[in-house]
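Okay, thanks for coming, everyone. Let me put the model up and walk you through two bits of it.

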Amino acid sequence: MTGSLASPREHSAASPRAAYLRNCWYMAAWSGEVGEELLRRRLLGEAILLYRAADGSVVALTDRCPHRFAPLSLGTREGDAVRCTYHGLAFDRAGQCIHNPFSDRLPKGATVRSWPIAERDGIVWLWAGEVDAADPVLIPDFGVINAGGIAPITGVMPMKAPYEFATDNLMDLSHIEFVHRGSFAGAGVIFAGEHEIRQDGETLHSNWWMPNVPAPGHTYGVYARGMPTDHWLDMRWNAPASMLLEIGAAPVGAERRTGVILHQAHIITPESDGTCHYFWATTRGGGPADPERDAGTRALMEQAFSAEDKPIIEASYANLDGRDFWEAGPVALGIDSGGTRARRLLQGLIRREREVA
């Protein structure tokens, strides 16, 4: 079995107060994380069992036997079925009990919830709402992270903070110069930038444009250090917390498409009302995979996320001492409007969904 069964994070599972947008797709895992072994992952306060069937498709079941509630992830695979390790009930990929070792009759009500799954762009997506409403068309497009058929560098980081706090951080990249001094921070170029918030339907954009600044680090090896460039950071947000970042730089006055461009996925899925999974990916700027260079890129990303973002986000949440974010009265700086708009938009979607229900 992959993944821990009982940890302090899981004991802080979602309380009844947790309100999630339901009729939408949540990232459950990177495709490469899910194989024949039984993977347990807590999503939206629910323990979910993930595994790959013989035909290659991903199965997602609530990780709880309906008899005495043992985790099915502690059980064994029998073809595409899973047998509970406690009293031996077996369940098929649809969550139906198919064998009772103590009787020829199947126990009444012995079913496990099966969650709709879609796999796209190297991502396993889980639908959290009404089964009949699970439309793959609603999955945010992350195809660019696999451009040219080259898989990105990926990772997942646990965080002891609600997923909205990670969204705040990503939709306000002005923190780079202060938080990321050991990784991405530059010579203060963000202060020379222009910030724009734009909304297209339910898609939100938080973009930075920094003209005529020294070439940023991702261009080294292509542009000379110090070369004047036009630099941009474009972040796209889709509810509940799926974000795509384009990092680009081009010679001053040149068209963007001629520049050096990286794409990063930043997708946050709530584990509970106070914890989340931070899934990340980065492209290589069009270059092929290279073990040595990729190891350096991974180390840089983990420095930025695990050693820099994670501590300040977790500390900020803990410092509320249980207070509600809005009731605590956050001060507005203007440049942080991306996170504020995302919070408001998400709250509106949840409210409308509940009114319809």
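I'll do some strands and then a pair of helices.

Quick housekeeping: this is a predicted model, so local features need pLDDT of at least 70 and side-chain atom pairs count only at pLDDT 80 or more, while totals for chains, interfaces and linings use all residues. Numbering starts from 1 along each chain as its sequence is written, and side-chain values use heavy atoms, with hydrogens and water left out.

Strands here are DSSP runs of E, at least two residues, and helices are H or I runs of at least four, both numbered from the N terminus. Pairing takes at least two DSSP bridges between two strands. Strand β12, residues 194-200, runs antiparallel to strand β13, residues 203-214, with seven bridges.

Now the helices. The axes of α2 (residues 163-171) and α4 (residues 291-318) come within 10 Å and cross at roughly 125 degrees. Axes are lines fitted to C-alpha atoms over the stretch in contact, with angles from 0 to 180 degrees between N-to-C directions. That makes the pair oblique, meaning not under 35 (roughly parallel), over 145 (roughly antiparallel) or 65 to 115 (roughly perpendicular).

Who touches whom? Phe165, Ala166 and Asn169 in α2 meet Asp309, Ile313 and Tyr317 in α4, contact being heavy atoms within 4.5 Å.
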